Amino acid sequence: MTKTAKAPKIMTKSKREARRAYCIILPFFIYIALWGLIPLVYGLYLGLTEYNGLASSPKFVGFKNYVDFFTTGDYLTLLWRQFWIGGICLLFNTVVSFIVGLALNVNSKARGFFRTSVYVPSIAAVSITSAIFVALLEVNGGINGFLKQIGQPTITWNYSQFWMVFWVVVYFLWRSLGPAAIIWLGGLQSIDPTLYEAADVDGASFAQKVRYITIPGLKFVASYIILTGIVGAMQMFDIIMFITKGNPYGKTDVLMYRIYRDGVVNFNMGMAGAESTILGIVTIIFAIIYFKVVLRKED
Amino acid sequence: MKKRLLAVLLAGMMALSVTACGGGSDGGSGNDGGSSSSAKIVIPFIGYTEDQIKAAEQTAEENGTELGAEAQYHIKLMEAVEEQYPDYDVDWQDWGWAEALDQKQRATLTAGSPLDLVAGETFMPTYANEGILEPLPDDIASLVTPSYLIYDTEGNPVAVSLKSSVFMLFYNKDLMEKAGLDPETPPTTWDEFKEMSDQITEAGNGEFWGGGIPSFPHAGGALRATPFFRQLGTDFGVDGKINLNDSKVQETLQFIRDMNKNFPEGLGNNASEDPLWNAFQKDQTIAFAINGAWQQTGCDQNNMNWGVAPLPTKDGTEGNCLVGSNFVGVPKASKHKEEAFNIIRVALQEDLQKIWLTESTSSGLNSILDNPDLYSDNPTLTTANEALKSGTFSGVAVFPKNDAQVWEVINQKVLARTTMTEDPIDEICSQATQEIEALLK
């Protein structure tokens, strides 16, 4: 028997292009694998272990951390608080940024100035702006000084869960309003103006134009803002860490801040891994619910 | 085939280069597996980096003063090591303090390239309990008072403090006088403390206050409250178990709550300590402050007419808590153990330790504590050193598992809640105990 030579493989043009494309994105895949995928998998693994960063290796404990999460009650309280405090922030941010977006869309000579002004807080460092904010909330801080000047009694803000959540929402709004308003503005400007002209010809009111042209035209912008907002709200911890530190006596503590503390302050890495996994799953569930229920319904 | 091989090689190289970038260290870990004589001895916290020396010199120049005791100590330590061990190649690192230092040290331990010496305060007992520290040689352990040592679970001393303080009662003589009290007779018992503080608060009528026991919702609160528990022979934790349901713990918490009424609302339990210390030393509107030796500097700098006394006791039984300690130990995995112990020996030399006395900080050296001539002209040191000599003090209680989280519950949900609310103390303790027991399981 004679051995026949293998025919050389001839690659089609589309295959060559596909290979080139893969080569281009390969570094990004490697980057994501190294900095995203491997830590993610390792985090899932840590959730099944007990590890304080001092022992030579993590000790496998199965689902103990998950059982603790659902049975002790404290973690569920933190998850619930993450949901409602984050939810309030998201709600106000979505509504107020939409109103600001509408205002920024008005023709005015000063609109450039206002568009810049509304964006500036989100550029400033959280650590610095929150420190100023905290100084204003001190017992003898600026806000109580103002209350004194207008003859009102001072308030010990850090004694009250209501007030601390209130100021968290205020700070969140002040900081996050700009980017969301600019996205709303982009959406508003992408709506075909002839639709409004046609509506005017038909005698539509302002409310009708908003209801039948603006809101449907902003559906995809809204879904982007709300979906990223859900993720942001469920991951909110820096504002809590800087402004309330979970006070008064843990009443503004949220799960994400606890994950941070468990992981890199208290070195209960196993629990932090389990908490992260649960929070991640809950966030995905919220996003899917929003996507399926709200967006599909509108379709 | 060649192309495929080339692609795989390229991908591999890329991955390696990214990994190498992520590795980070500039030789800080130093332990490259070489022989102990050629590799660098990596020491965090003690000693100063060039940047730290420059900063200290700049501060001294701006203030028109000499270098502070802290800077003097660390610089002279480096000089002494260089002089006594000229063949040592020491890499003095500035890795910060508290959580930042803990995080970095644990990262090196996890990575398998531990430092040659670890430092810290509140987390050092955890390192000791975990068994990662080498027992101190006897000659080092015998140099200091037992209060300045941390022991592992087998009873071996594994870490030694290079300096420390205990809590004392600093008082503003002018405010005492304004309230009609003898400024030379500070309170010595809990009852006197409360009576005098109440009297000052009443006389102050919203302008100045007596002050009480801080209950900051972090370690600063627990540290200052602990001496009062210990005076009653109890503590937050006993034998690694939470002890909040002890009636003496609850009695002390009631005293802390009662005393808190002598602070302006929100000051004694603020998340930040600064407003309270500013009120005491700058505004001078608080008469009594519980603090370590460093408070003296604040009083002097603000021209306060001040005094210092031991903490008031319930029935004459002393109790205190070490604070401001710089503990150092040598990891078992260090590749330069002997060199690291030699550096600790230098750090404990009497000529260097005497530098601490210049800022009223206590040295744990027996040779200094037993020689009152060295500090008898300094009331802060005399008070602190007498306390150190009369008992074996330690830092706050240590829990065998999730120590930091347990303390978080104590600080926030016991101490701060006690003074922020009127919730029944037994209910506060019972709820916190439940939460802590789950953490200790």
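**Figure 1. The two domains of chain A.** In this predicted model, the domain assignment of chain A places domain 1 at residues 14–60 and domain 2 at residues 73–298. The C-alpha centres of domain 1 of chain A and domain 2 of chain A are 31 Å apart. Where these domains of chain A touch, domain 1 contributes ten residues and domain 2 contributes eight residues. On the side of domain 1 of chain A that touches domain 2 of chain A, at least two residues come from each of α1 and β1 (49–50) of chain A. The largest share of that side, three residues, belongs to α1(A). By class, the side of domain 1 of chain A holds four nonpolar, five polar and one charged residues.

**Figure 2. The contact between chain A and chain B.** Chain A brings 27 residues to this contact, and chain B brings 30 residues. On the side of chain A that touches chain B, α1 (13–46) and α12 (255–265) of chain A each supply at least two residues. The element that gives the most to this side of chain A is α1(A), with five residues. The side of chain A that touches chain B comprises 14 nonpolar, nine polar and four charged residues.

**Figure 3. Helix α7 of chain A and its kink.** Helix α7(A) covers residues 161–189, a run of 29 residues. From its first C-alpha to its last, α7(A) reaches 40 Å, close to the 42 Å expected at 1.5 Å a residue. At A:Leu177 this helix has a kink of about 45 degrees.

**Figure 4. A cis peptide bond in chain A.** Most peptide bonds are trans. The bond from A:Asn247 to A:Pro248, however, is cis, with omega near 5 degrees. A:Pro248 belongs to the loop between α11 (238–244) and α12 of chain A.

**Figure 5. The two domains of chain B.** Each domain of chain B is assigned in two segments: domain 1 as 41–164 + 324–390, and domain 2 as 166–322 + 397–440. Taken over C-alpha atoms, the centres of domain 1 of chain B and domain 2 of chain B are separated by 28 Å. The contact involves 19 residues from domain 1 of chain B and 17 residues from domain 2 of chain B. Both α5 (124–129) and α16 (379–390) of chain B supply at least two residues of the side of domain 1 of chain B that touches domain 2 of chain B. Helix α16(B) gives the most to this side, with seven residues. Five nonpolar, 13 polar and one charged residues make up the side of domain 1 of chain B.

**Figure 6. The crossing of helices α9 and α17 of chain B.** Two packed helices are described by the angle between their axes and the distance between the axes. The axes of α9(B), residues 219–231, and α17(B), residues 403–420, come within 9 Å and cross at roughly 75 degrees. Helix α9(B) is therefore roughly perpendicular to α17(B). In α9(B), the residues that meet α17(B) are B:Ala219, B:Gly221, B:Ala222 and B:Ala225. Their partners in α17(B) are B:Trp407, B:Ile410, B:Asn411, B:Leu415 and B:Ala416. This contact of α9(B) with α17(B) has seven nonpolar, two polar and no charged residues.

**Figure 7. A positive phi in chain B.** Most residues other than glycine have a negative phi. Although B:Ala98 is not a glycine, its phi is positive, at about 55 degrees. B:Ala98 lies in helix α4(B), which covers residues 98–110.

Conventions: Residues numbered from 1 in each chain as written. Chains lettered and ligands numbered in written order. Predicted model: local features only at pLDDT ≥ 70, side-chain atom pairs only at ≥ 80, totals over all residues. Contact = placed C-beta atoms within 7 Å. Helix = DSSP H or I, 4+ residues; strand = E, 2+ residues; numbered from the N terminus. Nonpolar A, V, L, I, M, F, W, Y, C, P; charged D, E, K, R; others polar. Expected span 1.5 Å × (residues − 1). Bend = angle between axes of the 7 residues up to and from the residue. Domains from an automatic or database assignment. Axes fitted to C-alpha atoms, helices over the stretch in contact; angles between N-to-C directions. Parallel < 35°, antiparallel > 145°, perpendicular 65-115°, else oblique.
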